[in-house]
Amino acid sequence: MDKNKMKKILFINFITMATFNMAHPVTPSLINALSMPTYMFGVLYSTMSIAHFVMSPIWGSMSDHKGRKRFLVIGVIGYGISQLGFGFIESTPLILLFRITGGAMSVAFITTCIAYVSDISSKEERTKYMSYHTATTSIASSAGALIGGFCGGYGYKFAFLTQFILCLIVAGIIYFIVDETIDKKQGKIKIYTKHLKKGNNNTRLTPILSTMMIVMTLVTIATTSYNSTINYYLESVLNMPTMVNGIVMAIAGFIALIMNLWINPYLSKKFNEKYTLVAACIISGISMVVASLMVVASLFNNIILSFMFIMIFVGSSALVIPIQQSIVSKLAKDNYGEIMGIQGSYKAIGMIIGSLASGFIFDIGNKLPFILSGICCLIVCILMLRVSFTEKAEKITT
């Protein structure tokens, strides 16, 4: 494994994800400034996720043939332009169009970056480096949220403009320091589009891989329902300023960083990945449901205790994604980009369902999106037990 390449891609992931996450704390301000209905926070998130679903396998398969570097650059520049339009246009249809474009561009970077990490890491160390990748994403999200929250003090448009400028700078850094890991293949590019054809979604996936993709969908519903709701909840229900949004996101990112930088690598050496994933999902599910019910019950000092349980959810759920990605990458052969792209589509489905569901059930009960997060995590536990039984059965038959 080339450690120098790994350091470079983790650094690139950090500065890119910090830039990508700047707009989250100010998006509720945009929604309120344009007098959009409450459910729009879910719609805005879901339109971006639809583009993730469509484009993730396409970018992944293209990077398998033409190399990773160019798609990292394209994704960052394209996202910057899309965010500039999103922040400054006031027409709802055009805003939705820019969100779709932003989703298509951002997933080019996200999918290719994960494939890049798979390219340069050995199977034995993949969980560790996937954890490092998730850790850099977490701390970058915190840094980006803090920067975006402070920029929002000067108006949400200032935050979007700053994000656009930083995207251009980051794209330049990628172009000059990132090394290619894929030899360009000659001939016609085989672009994966089976996820867009009815009845063919799982054509190239084994039963275990298919189940792991569903696991990714459910985990993403859980995290998306939380992430897409918490900012709007803080600003519109608790009447907190934009800066508090950034601070809460930063605390969550710091906790996720600790879990993926130290806890996850340690657990990967001591325990079976699947058992660790089940344990993390049980803790995530129970903590989020308890946190929501405590607020509903209006018990003494419940806000502080509820926040503590939410942070437990953040920490335990942070373990899940890199473990799941590691399991999937080990089941793949030499088409990491394509498999990670397919996984990206399943993740996008979770983002779409999570954001739309949380947006529309928020008006029914503003704690319901958090309860949804907990329930999805508990369902994952059942699926992972099924995976374990399937693997044991396959070993017996062989």
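What follows is a walk through the fold, the helix packing and a few individual residues of one predicted protein model.

A word on bookkeeping comes before the details. Residues are numbered from 1 along each chain as its sequence is written, and side-chain values use heavy atoms, with hydrogens and water left out. Since the model is predicted, local features need pLDDT of at least 70 and side-chain atom pairs count only at pLDDT 80 or more, while totals for chains, interfaces and linings use all residues.

The protein has 13 helices and zero strands; here helices (H or I, at least four residues) and strands (E, at least two) are DSSP runs, numbered from the N terminus. Read from the N terminus on, the elements run α-α-α-α-α-α-α-α-α-α-α-α-α. Of the 398 residues, 58% count as buried, where buried means under 20% relative accessible area, exposed over 50%, and partly exposed in between (1.4 Å probe, protein chains only). Contacts, meaning heavy atoms within 4.5 Å, reach well along the chain: among those between residues at least 6 apart in sequence, 86% join residues at least 24 apart.

As for confidence, the mean pLDDT is 82, and 88% of the residues reach 70 or more; pLDDT is the predictor's confidence in each residue, from 0 to 100. Two stretches call for some care. Over residues 199-203 the pLDDT is below 50, and this stretch has nine contacts in the model beyond near neighbours in sequence. Residues 297-301 also stay under 50, with one contact beyond four places in sequence. Where pLDDT is low, the predicted coordinates should not be read in detail.

On to the helix packing. Two packed helices are described by the angle between their axes and the distance between the axes. Axes are lines fitted to C-alpha atoms, for helices over the stretch in contact, and angles run from 0 to 180 degrees between N-to-C directions. Helix 4 (residues 69-88) packs with helix 7 (residues 156-177) at an angle of about 170 degrees, the axes being 8 Å apart. This pair is therefore roughly antiparallel, on a scale where angles under 35 degrees count as roughly parallel, over 145 as roughly antiparallel, 65 to 115 as roughly perpendicular and the rest as oblique. The crossing of helix 4 and helix 7 is left-handed; a crossing gets that label if the near helix is turned anticlockwise from the far one by less than a right angle, and is right-handed if clockwise. By class, the contact of helix 4 with helix 7 has 19 nonpolar, four polar and two charged residues. For these classes, Ala, Val, Leu, Ile, Met, Phe, Trp, Tyr, Cys and Pro count as nonpolar, Asp, Glu, Lys and Arg as charged, and the others, Gly among them, as polar.

Helix 4 also packs with helix 5 (residues 92-120): the axes come within 8 Å and cross at roughly 155 degrees, which makes this pair roughly antiparallel. The crossing of helix 4 and helix 5 is again left-handed. Among the residues that meet there are Phe-71, Gly-75, Gly-78 and Phe-86 in helix 4 and Phe-98, Gly-102, Met-105 and Phe-109 in helix 5. The contact of helix 4 with helix 5 comprises 13 nonpolar, nine polar and one charged residues.

Helix 5 then meets helix 6 (residues 126-151), with axes that come within 10 Å and cross at roughly 145 degrees. This crossing is right-handed. Cys-113, Ile-114, Val-117 and Ser-118 on the helix 5 side meet Arg-126, Tyr-129, Met-130 and His-133 in helix 6, a set of five nonpolar, two polar and one charged.

Thr-229 sits in helix 8 (residues 207-237) and is buried at a relative accessible area of 0%. Beyond four places in sequence, Thr-229 touches Phe-41, Thr-224, Ser-358, Phe-362, Pro-369 and Phe-370. Asn-264, in helix 9 (residues 242-270), is buried too, at 1%. The contacts of Asn-264 include Ser-131, Leu-319 and Pro-322; its C-alpha atom is 8.6 Å from that of Pro-322, 58 residues apart along the chain.

Ala-18 belongs to helix 1 (residues 3-20) and is buried, with a relative accessible area of 10%. Leaving aside neighbours within four places in sequence, Ala-18 is in contact with Ala-140 and Gly-144. Ala-18 and Ile-139 are 121 residues apart in sequence and 8.0 Å apart in space, C-alpha to C-alpha. Ser-35, in the loop between helix 2 (27-33) and helix 3 (40-66), is exposed at 64% relative accessibility. Ser-35 has a positive phi of about 55 degrees although it is not a glycine.
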